[in-house]
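Here are some notes to read alongside the model.

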Amino acid sequence: VQLQAFGGGLVQAGDSLRLSCAASGRTSATARMGWFRQGPGKERAVVAGISWSSGTTYYADSVKGRFTISRDNAKNTLYLQMNSLKPEDTAVYYCAASLKNWYDSRSYGRSALYDYWGQGTQVTVSS
C-alpha cells in the first residue's frame, strides 16, 4: 500500500483546511487508518483514526469538535477536515494505514501498529 498525503499549507488561526491521503496498491486489506502529526520539538502523536470498513472514528482530545476524519472507500482516499485551526496545530501531518484490526480505541495512537505511512504534509497556522 502506498500513501500520499497532500492539502497542507499556511493558514491563519480560525481558518479551515482539508487534508487528503490517497491510497494505492493492495488497499483491500486495509483495516484501520489514522492521521498523526509531529510539531516542532514534539513527538509524533495520533490526531484521529478510522475503521476502513465501518467508519467508526477516534479523536485525540486536543482536536475533538474541530477535526473530522472520513474516508471514501470508492476513491481509496482518507480525509481530515480541520476547522478552527490554532497555532498549536502547526505540524507535519502524516497518514498511516494498518492491516490489523483492534477494538481498543487507544490503539489508534500506537505507531507500531501501522504498516504503511505517507510522506507527510506541512500545516502551519499563524496567529
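1. A word on terms before we start: a residue counts as buried under 20% relative accessible area, as exposed over 50%, and as partly exposed in between. Asn76 has a relative accessible area of 23%, so it is partly exposed. Bear in mind that this is a predicted model.

2. Staying with Asn76, look for it in the loop between strand S7 (67-72) and strand S8 (77-82). Its phi is near 50°, a positive value in a residue other than glycine. Why mention that? Most residues other than glycine have a negative phi.

3. Ser84 is another one to check. This residue is in the loop between S8 and S9, and its phi is positive too, about 50°, although Ser84 is not a glycine.

4. Now for the disulfide. How many are there by the distance rule? The count comes to 1. Cys21 and Cys95 form it, with their sulfur atoms 2.1 Å apart. The pair links distant parts of the chain: Cys21 sits in strand S3 and Cys95 in strand S9 (residues 91-98), 74 residues apart. The link is right-handed, with 65° about the S-S bond. Are the two cysteines buried or exposed? Both Cys21 and Cys95 are buried.

5. Strand S9 deserves a look of its own. Of its 8 residues, 7 are buried, so S9 is largely enclosed by the rest of the structure.

6. Which strands pair with S9? S4 does, running antiparallel to S9 and joined to it by 7 bridges; within S9, Tyr93 stands opposite Arg37. Strand S11 (residues 121-126) is also antiparallel to S9, with 3 bridges, and Val123 in S11 is the bridge partner of Ala91. Strand S10 (residues 116-117) pairs with S9 over 2 bridges, again in the antiparallel sense, and there Tyr116 stands opposite Ala97.

7. Last, find Thr30, in the loop between strand S3 (17-24) and strand S4 (32-38). Its relative accessible area is 10%, which is under the 20% cut-off, so Thr30 is buried despite its place in a loop. What is Thr30 in contact with, leaving aside its neighbours within four places in sequence? The list is Val1, Trp52, Ala97, Ser98 and Leu99.

Conventions. Residues numbered from 1 in each chain as written. Predicted model: local features only at pLDDT ≥ 70, side-chain atom pairs only at ≥ 80, totals over all residues. Heavy atoms only, no water. Helix = DSSP H or I, 4+ residues; strand = E, 2+ residues; numbered from the N terminus. Buried < 20%, exposed > 50% of the residue type's maximum accessible area, 1.4 Å probe, protein only. Contact = heavy atoms within 4.5 Å. Disulfide = S-S within 2.5 Å. Pairing = 2+ DSSP bridges.
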